[in-house]
Amino acid sequence: MSAPSRDEGGEKTYPVVDRAPAAMFRIGSVDEQPQALTPQATLTRPPLHKQSSCTRSEAGDLSEPTALFPSMRLVLAALLCCCYMALSISTSNISVGIICMSSCPLHPGLGGTLDWKASQEGYVLAAQNAGHLLMLLTGMWADRLNGKWMVFASLVLCVSANALLPLASPVSFWLAVACRMAVGAADACLIPAANSLITRWFPQAERAAAIGIISGGRQMGGLFILPAAGWLCTQKIAGGWPAIFYLSALVSLLVMFFWLPFGADKPSKQCCISERERLFVESRIACESIGKRTDRSRRVPYRAMLRSKPLWASVLAMVCHEYPLVIMLQFLPNYLRDVLEFQPTENGIISALPMLCLFLSKTFTSSLSSYLIVQREFDKTTVCKVFNGIASAGLSICIGIVPFFKKDHAALAVLSLCAAMFSAGMHTPGVQTALVQLAPPFSGIITGWTYFAVAWFGIGNKILTKRIVQQGSPTEWAIVFQVASVVAALPVVVFTIWGSADRQIWASPSSKLSVASMYVPNRVASANGAQMKRVSSQGSWKSASLPKRATPPPIRKISTKTPLGPLDAAQLRTE
């Protein structure tokens with residue numbers, strides 16, 4: 001190994017590498033004898049796409065990978081998907097339910113019995129986003145509190161709010177607002193907790209696919225509740241529209257019973273996970289220095305976060321992404337009723353079609369993103385920017401042309417809406433994945449900041465839309481869609497220029513040992529004669545006489561403005 005040199009001030013400087021060091025042993029099943037690696041073996045490793053599955057590792061170790069299917073990671077992703085589905089049912093049921101609840105001056109036969117004005121309807125819809133404002137607090141604590149119980153609290157709020165809304169709405173308009181705020185608070189608990197769980201359960205290469213599976217629950221919930229709500233509106237079951245909210249509460253209750261025994265904050269707390277899979281996950285995320293939730297000594301780099309251009313570019317991109325989606329998720333049934341004049345049953349079914357397109361798009365493109373990064377070795381940031389650019393441009397164009405289709409061309413209007421949502425699905429491997437990758441140890445805080453901003457714009461969006469749409473005329477709806485089209489196009493410029501999916505320097509590990517392991521080459525100690533014995537009680541391997549690892553040299557200060565240099569092969573030669 002090359003000796004350290006001295007700079008002009010006489011201080012020692014050490015070479016910098018752009019990848020993590022190699023480990024000495026493969027971590028496989030407990031019945032497999034670990035084999036020592038020679039220094040030459042670590043220096044002549046083939047390219048990543050030609051390596052066997054046992055040698056690929058983001059953390060630099062050689063622990064044996066386990067497939068995502070089947071695995072407990074996939075089970076956790078499925079459980080979180082069900083939690084998102086329950087939440088989506090609770091947030092989307094009001095879009096069809098309010099059509100059956102309140103009277104409609106334009107179409108008297110399609111309204112309900114509650115005499116709510118258009119502005120009052122806007123407040124009921126915006127109350128959910130007011131509950132989202134709690135995400136600023138829940139996001140700051142998501143990395144410190146147990147994620148399992150935060151998700152449980154979210155489900156409890158969904159059950160309570162949906163069960164009480166049919167009883168409270170006829171009594172007082174403000175009680176209905178309070179129930180919807182509780183649904184927003186449930187959203188504020190679930191999203192930061194889910195993002196924090198993703199960083200603790202899934203290696204970087206699997207996170208795009210995991211986010212696609214988990215967040216797909218939102219579309220699955222919409223696909224279920226929108227047609228069901230449209231049908232229940234026309235029935236006399238439990239009084240018609242109240243049955244929509246009772247059904248939503250029942251779904252959340254069922255998901256809660258499955259989450260309690262099988263949900264876990266991290267792999268080591270999951271009772272059903274195999275030792276092999278646990279070691280695989282922990283070794284892959286070890287270099288990210290996520291740390292324990294109970295660790296109060298870790299500093300949060302607020303100043304660096306506030307000055308981070310990639311972070312705020314991602315926040316703005318998420319706001320611009322969610323703005324048109326609020327219209328598509330909350331106001332689409334109103335548009336189909338006012339302009340295209342669909343009946344409640346047809347309205348519910350057609351409102352679900354764009355949700356289906358969004359679900360298929362995000363599921364396919366998330367898997368494609370993981371394939372491009374892992375198998376084809378594409379740059380993570382480039383992949384995120386390309387997907388996000390296509391998503392924003394497609395969403396803007398398709399939403400912008402919707403007002404040109406009137407009642408006589410309803411099929412073309414629905415097709416444009418479906419194309420808009422298919423484009424929006426590409427935001428999942430785009431800005432949504434980038435937000436998780438920027439700073440894994442602080443993913444909860446970043447999520448809280450992001451959706452706090454989204455909530456404010458969501459409140460303004462719903463109130464503004466109801467202010468514009470007073471009579472439900474095509475001209476009023478055209479203004480709504482044109483504004484959404486302009487907002488959706490902004491990330492094409494902002495995120496493409498300043499966005500990033502790479503881990504930021506201010507989110508690097510805080511401990512000296514972990515920093516040294518990231519930037520200073522390890523001495524490959526000789527493993528000759530090292531004896532390994534099996535610890536039968538734990539089913540793992542323990543070294544009886546492993547050579548001691550050399551003390552890492554002092555850490556050289558690394559400039560945040562100068563990128564790390566390429567790996568020099570001469571620096572890895574053994575002494």
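Rings of Phe, Tyr and Trp (its six-membered ring) form an aromatic pair if their centres lie within 6.5 Å; planes under 30 degrees apart count as stacked, over 60 as edge-to-face and the rest as tilted. A search of the whole structure finds nine such aromatic pairs. The structure is a predicted model, in which local features need pLDDT of at least 70 and side-chain atom pairs count only at pLDDT 80 or more, while totals for chains, interfaces and linings use all residues. Residues are numbered from 1 along each chain as its sequence is written, and side-chain values use heavy atoms, with hydrogens and water left out.

**Overall make-up**

- The protein has 19 helices and four strands. Helices (H or I, at least four residues) and strands (E, at least two) are DSSP runs, numbered from the N terminus.
- Of the 575 residues in the protein, 52% are buried. Buried means under 20% relative accessible area, exposed means over 50%, and partly exposed lies in between (1.4 Å probe, protein chains only).
- Among contacts between residues at least 6 apart in sequence, 80% join residues at least 24 apart. A contact means heavy atoms within 4.5 Å.

**Aromatic pairs**

- Y335 and F481 form an edge-to-face pair. Their centres are 5.0 Å apart, with 75 degrees between the planes.
- This pair links distant parts of the chain. Y335 lies in helix α11 (residues 309–338) and F481 in helix α17 (residues 474–489), 146 residues apart.
- Y335 is buried, at a relative accessible area of 2%. F481 is buried too, with 2% relative accessibility.
- F481 also pairs with W477: the ring centres are 6.3 Å apart and the planes stand at 40 degrees, so this pair is tilted.
- W477 and F481 both sit in helix α17. They are four residues apart, about one turn of the helix.
- W477 counts as buried, at 2% relative accessibility.
- Elsewhere, ring pairs link Y302, W312 and W449 into a cluster.

**Helix α2 against helix α11**

- Helix α2 (residues 72–101) packs with α11 at an angle of about 25 degrees, their axes 8 Å apart. That makes the two helices roughly parallel.
- Axes are lines fitted to C-alpha atoms, for helices over the stretch in contact, and angles run from 0 to 180 degrees between N-to-C directions. Angles under 35 degrees count as roughly parallel, over 145 as roughly antiparallel, 65 to 115 as roughly perpendicular and the rest as oblique.
- The crossing of α2 and α11 is right-handed. A crossing is right-handed if the near helix is turned clockwise from the far one by less than a right angle, and left-handed if anticlockwise.
- On the α2 side, T91, I94, S95, V96 and I99 take part. They meet L329, Q330, P333, N334 and R337 in α11.
- The residues of this contact divide into five nonpolar, four polar and one charged. Ala, Val, Leu, Ile, Met, Phe, Trp, Tyr, Cys and Pro count as nonpolar, Asp, Glu, Lys and Arg as charged, and the others, Gly among them, as polar.

**Helix α7 against helix α15**

- The axes of helix α7 (residues 204–233) and helix α15 (residues 428–438) come within 10 Å and cross at roughly 120 degrees. The two helices are therefore oblique to each other.
- α7 passes α15 in a right-handed crossing.
- In α7, the contact residues are Q204, R207, A208, I211, G212 and S215. In α15, they are T428, Q432, T433, V436 and Q437.
- By class, this contact has three nonpolar, seven polar and one charged residues.

- I446 is found in helix α16 (residues 443–468). It is buried, with a relative accessible area of 1%.
- Not counting residues up to four places away in sequence, I446 touches M305, L311, L435, A439 and W506.
- I446 and W312 are 134 residues apart along the chain, yet their C-alpha atoms are separated by 9.8 Å.
- S392 lies in helix α13 (residues 380–401). Its relative accessible area is 0%, so S392 is buried.
- S392 touches H427, A488, A489, P491 and V492, again leaving out residues up to four places away in sequence.

**Two loop residues with positive phi**

- E341 has a positive phi of about 55 degrees although it is not a glycine. E341 lies in the loop between α11 and α12 (344–374) and is partly exposed, at 38% relative accessible area.
- E377 is also not a glycine, and its phi is positive, near 60 degrees. E377 sits in the loop between α12 and α13 and is partly exposed, at 40% relative accessible area.
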